[in-house]
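This report describes the packing, strand pairing, aromatic pairs and salt bridges of one structure. Please consult the sequence and the model shown below while reading.

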Amino acid sequence: MKLGNKQITLRALEPNDVELLYQWENDTRVWRVSNTHAPLSKFILANYIKSTNNDIWESKQLRLVIENEYQIPVGTVELFDFDPYHGRAGVGIMIFDDSEKRKGLASQTLDIIIEYSLVELGLNQLYANIAASNTASMQLFKKVGFEITGVKKQWLRTPTGWDDENLLQKKL
């Protein structure tokens, strides 16, 4: 199964992605949605890439780089909390550059990950945890068939107070 289509490709992390991840992971705008609270060093990121063998069955997670049709990295998608016994995993996605947003790349990526999760991993469902105030992500996940199945009240600390976090699920 090819992970991609004419507009995007999902590929494994490569050693030369350290600079890219360093830029993305240390942007404080990303921290708000990724639950990050401190900068990451290039050393830590290089070790992460080196230790990641992309065997989801062993590591219980899979992180892929999203490339556009010109093979330029635009973001990442991750399956995490992979539980083959219960047939589920969490999914998260990030399109970094604002100029690449609203082009359908994220929804196409989710469509590909949904198919991969069903066909290759045999999963029964995917879930996502999204801040209630993150309307763009809420719309994206609803667009590809996720439904709100729970709300964690005042779950996330924000610079202006507290935000609820929605649990969304998609039965595959």
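## A buried charged network

Arg-11 has a relative accessible area of 18% and therefore counts as buried; buried means under 20% relative accessible area, exposed over 50% and partly exposed in between, with a 1.4 Å probe and protein chains only. The model is a predicted one, in which local features need pLDDT of at least 70 and side-chain atom pairs count only at pLDDT 80 or more, whereas totals for chains, interfaces and linings use all residues. Residues are numbered from 1 along each chain as its sequence is written, and side-chain values use heavy atoms, with hydrogens and water left out.

The structure holds 8 salt bridges, a salt bridge being a side-chain nitrogen of Lys or Arg within 4 Å of a carboxyl oxygen of Asp or Glu. One of them joins Arg-11 to Asp-17, with the closest N and O atoms 2.8 Å apart. Asp-17 is buried, at 4% relative accessibility. Another joins Arg-11 to Glu-67, at 2.6 Å from N to O. Because Glu-67 belongs to strand E2 and Arg-11 to strand E1, this pair ties together parts that are 56 residues apart in sequence. Helices (H or I, at least four residues) and strands (E, at least two) are DSSP runs, numbered from the N terminus. Glu-67 is likewise buried, at 10% relative accessibility.

A further salt bridge links Lys-103 and Glu-100, whose closest N and O atoms are 3.5 Å apart. Lys-103 is partly exposed, with a relative accessible area of 47%, while Glu-100 is buried at 14%. Through shared partners, salt bridges join Arg-11, Asp-17 and Glu-67 into one network.

Strand E2 is largely enclosed by the rest of the structure, because 6 of its 6 residues are buried. In a regular strand the side chains alternate between the two faces of the sheet. In E2, Leu-62, Leu-64 and Ile-66 point one way, and Arg-63, Val-65 and Glu-67 point the other way; all are buried.

Two strands are taken to pair if DSSP finds at least two bridges between them. Strand E1 (residues 9–12) runs antiparallel to E2 and is joined to it by 4 bridges. Here Arg-11 has Val-65 of E2 as its bridge partner. E2 also pairs with E3 in the antiparallel sense, over 6 bridges, and Ile-66 has Gly-75 of E3 as its bridge partner. E2 and E3 form a hairpin with 5 residues between them, and Gln-71 in the turn has a positive phi of about 65°.

## The nonpolar cores

A nonpolar core is a set of buried Ala, Val, Leu, Ile, Met, Phe, Trp, Tyr and Cys residues joined through side-chain atoms within 4.5 Å. The largest such core has 32 residues, of which Leu-10, Leu-79, Val-91, Ile-113, Leu-126, Phe-141 and Phe-146 touch the most other members. At least two residues of this core come from each of strands E2 (62–67), E3 (73–83), E4 (88–95) and E5 (125–131), and from each of helices H5 (105–119) and H6 (135–143). H5 gives the most, with 7 residues.

Beyond its neighbours within four places in sequence, Phe-141 is in contact with Val-91, Ile-93, Leu-110, Ala-128, Ile-130, Phe-146 and Leu-168, contact meaning heavy atoms within 4.5 Å. Another core, of 10 residues, lies apart from the largest one; among its members are Leu-21, Leu-45, Val-65 and Phe-96.

## Aromatic pairs

Rings of Phe, Tyr and Trp (its six-membered ring) pair if their centres lie within 6.5 Å; planes under 30 degrees apart count as stacked, over 60 as edge-to-face and the rest as tilted. The count comes to 4 aromatic pairs. The pair of Trp-57 and Phe-82 is edge-to-face, because the ring centres are 4.9 Å apart and the planes stand at 85°. Trp-57 lies in helix H4 (residues 56–59) and Phe-82 in strand E3, so the pair ties together parts that are 25 residues apart in sequence. Trp-57 is partly exposed at 44% relative accessibility, whereas Phe-82 is buried at 3%.

Phe-80 and Tyr-127 form an edge-to-face pair as well, with 5.8 Å from centre to centre and 80° between the planes. Since Phe-80 is in strand E3 and Tyr-127 in strand E5, the pair ties together parts that are 47 residues apart in sequence. Phe-80 is partly exposed, with a relative accessible area of 26%, and Tyr-127 is buried, with 13%.
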